[in-house]
Amino acid sequence: MVASPRGSGAAPSGLIDVDTTSFFAIVAVAAIAAVTVTVLPRTMAPPVVVVELLLGIVIGPQVLGIAEPDSFINFFSNLGLGMLFFFAGYEIDFERIRGRPAELGAWGWALSQALAYGLAGILAGLGVVVSFVFTGSALATTAIGTLIPILRDNGELNTRFGTYLLAAGAAGEFGPILLVTLVLSTGQPLHEALILCAFIVLALALAVASVRYAWRGIPAFERTIESSSQLIVRLAVVLIFGLVALASQLGLDILLGGFVAGMITRAALRGQELVAFESKLSAVGFGFLIPFFFVTSGLAFNLDALGEPAAIGKLFLFLALFLVVRGAPALLLYGKDLARRDRIALAFFCATELPLVVAITTLAIDEGHMRSSTAAGLVGAAMLSTLIYPFVGLALRRGDAAAPQEGSAPDALTGPA
């Protein structure tokens, strides 16, 4: 098919109607966001995803009206979402987080679920929200995919603290993905569970084959990494969007496909240092596709609903509840593993939420289980959490560098801090 630019009349049969103005505006503000966080001092620069969201709102239909989402733009947005969750899965090295970090992460998310549904149940009983299930599910997430570039840029990914944060974030992102897949997006949990099992079997078979045979391709990968064939990058893209397509065809959430693709790639390349590969895939993801998701989320943000007094009140309420629900486990469960300052930092990082909040609120609105003011309050609070909480966490970590480490004895798995 041939693309037909919008503004030249109705697209003839067989042509795709492309809003080139909106497409260019999204690409432009993504570049502006990158420039903004680059020129600001490192201690003052907000996460680039927040700038992308805010600029998306500014150029969107409710402010300047320069751009608006359509099916073509939403297609690229979904590709970006798949890539975002690929990187979330790729950064989770199960060899590294197994044992104590993974155990605490799982228990922490279970505690968060109990707190989230309990608090959401109270809000539903008071008439503040409609569905305690959807609201509670949105409260108990962690945006580890959003945090990873922030952690990488600040040198936290390979620290002992980073290991515990990755484990807690993996539970706070993968758990809600399964919840969305099995419960929230279907009225037939048993049917979805059987489909999920089939997907897992196929993914495990692919993972075993990848781990067993990937090493044979390493010389070819290294030989072509700087050539036009880009073999390993193309194979990774096939894996990502193949599993996303499989998940979609099976009626599962596409987030699951991207996340599993990242885990399979990590397992297949275990022990191999392919820095150039990670750099090139990051360029494709964070340089082009992932910004599409965040800018488009800004375009679709219901600013009018946030203008209601009820939505403003809910925004600050949910911002506080994020910290209670996801932060409390960090303070309660990690006393023997992390110093007090690091536990507080972990609480703020874990309370950073965004992509899954957008996904859950969109689903809830579509099914009539959430008011627009509640959805606007949740998404607005998630945006603020991404803007504020990582800053607080990083400030605590920087202050902790010169402080004595109480209660943070190294363990055999993670090594010294």
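Predicted model: local features only at pLDDT ≥ 70, side-chain atom pairs only at ≥ 80, totals over all residues.

Colleague: How are H3 and H11 set to each other?

Modeller: H3 and H11 are oblique to each other; helices here are DSSP runs of H or I, at least four residues, numbered from the N terminus. Oblique is what's left once angles under 35 degrees (roughly parallel), over 145 (roughly antiparallel) and 65 to 115 (roughly perpendicular) are taken out. Residues are numbered from 1 along each chain as its sequence is written, and side-chain values use heavy atoms, with hydrogens and water left out.

Colleague: OK. At what angle do H3 and H11 cross?

Modeller: H3 and H11 cross at roughly 40 degrees, and their axes come within 6 Å. Axes are fitted to C-alpha atoms over the stretch in contact, with angles from 0 to 180 degrees between N-to-C directions.

Colleague: Which residues make the contact?

Modeller: On H3, Asn-78, Leu-81, Gly-82, Phe-85, Phe-86, Ala-88, Gly-89, Tyr-90 and Glu-91. They meet Ile-254, Leu-255, Gly-258, Phe-259, Ala-261, Gly-262, Met-263, Thr-265 and Arg-266 of H11, contact being heavy atoms within 4.5 Å. By class the H3 and H11 contact has 10 nonpolar, 6 polar and 2 charged residues. Asp, Glu, Lys and Arg count as charged, Ala, Val, Leu, Ile, Met, Phe, Trp, Tyr, Cys and Pro as nonpolar, and the others, Gly among them, as polar.

Colleague: And H3 with H7, what orientation is that?

Modeller: With axes that come within 8 Å and cross at roughly 65 degrees, H3 and H7 are roughly perpendicular to each other. H3 brings Leu-84, Phe-87, Ala-88 and Glu-91 to the contact, and H7 brings Ile-144, Gly-145, Thr-146, Ile-148 and Arg-152. That splits into 5 nonpolar, 2 polar and 2 charged residues. Ala-88 and Glu-91 are also among the H3 residues that touch H11.

Colleague: What about H1 and H2, how far apart are their axes?

Modeller: The axes of H1 (residues 20–39) and H2 (residues 48–59) are 9 Å apart, at an angle of about 140 degrees. H1 and H2 are therefore oblique to each other. H1 contributes Ala-25, Ile-26, Val-29, Ile-32, Ala-33, Ala-34, Thr-36 and Val-37, against Val-48, Val-51, Glu-52, Leu-55 and Ile-59 from H2. The H1 and H2 contact has 11 nonpolar residues, 1 polar and 1 charged.

Colleague: Which residues are closest to the pocket's centre?

Modeller: Val-358, Ala-359, Thr-361, Thr-362 and Leu-363, out of 30 lining residues. H16 gives the most to that lining, 9 residues. H3 (71–91), H11 (254–268), H12 (275–300), H16 (355–366) and H17 (372–400) each supply at least two. The pocket lining is 18 nonpolar, 10 polar and 2 charged.

Colleague: How many cavities turn up?

Modeller: There are 2 of 30 Å³ or more in the whole structure. The largest cavity holds about 50 Å³, and H5 (100–125), H14 (309–333) and H15 (340–350) each give two or more residues to its lining. H5 has the largest share, 4 residues. Trp-109, Arg-326 and Tyr-334 are among the lining residues.

Colleague: And what lines the second largest cavity?

Modeller: Ile-57, Gly-60, Pro-61, Gln-62, Val-63, Gly-298, Leu-299, Phe-301 and Leu-303. The second largest cavity has a volume of about 30 Å³, and its lining has 6 nonpolar, 3 polar and no charged residues.

Technical notes:
1 Å grid on protein atoms, 1.4 Å probe; cavity = no way out; pocket = protein on both sides within 12 Å on 5 of 7 lines; lining within 4 Å. Points joined across faces, edges and corners; volume = space filled by probe spheres on them.
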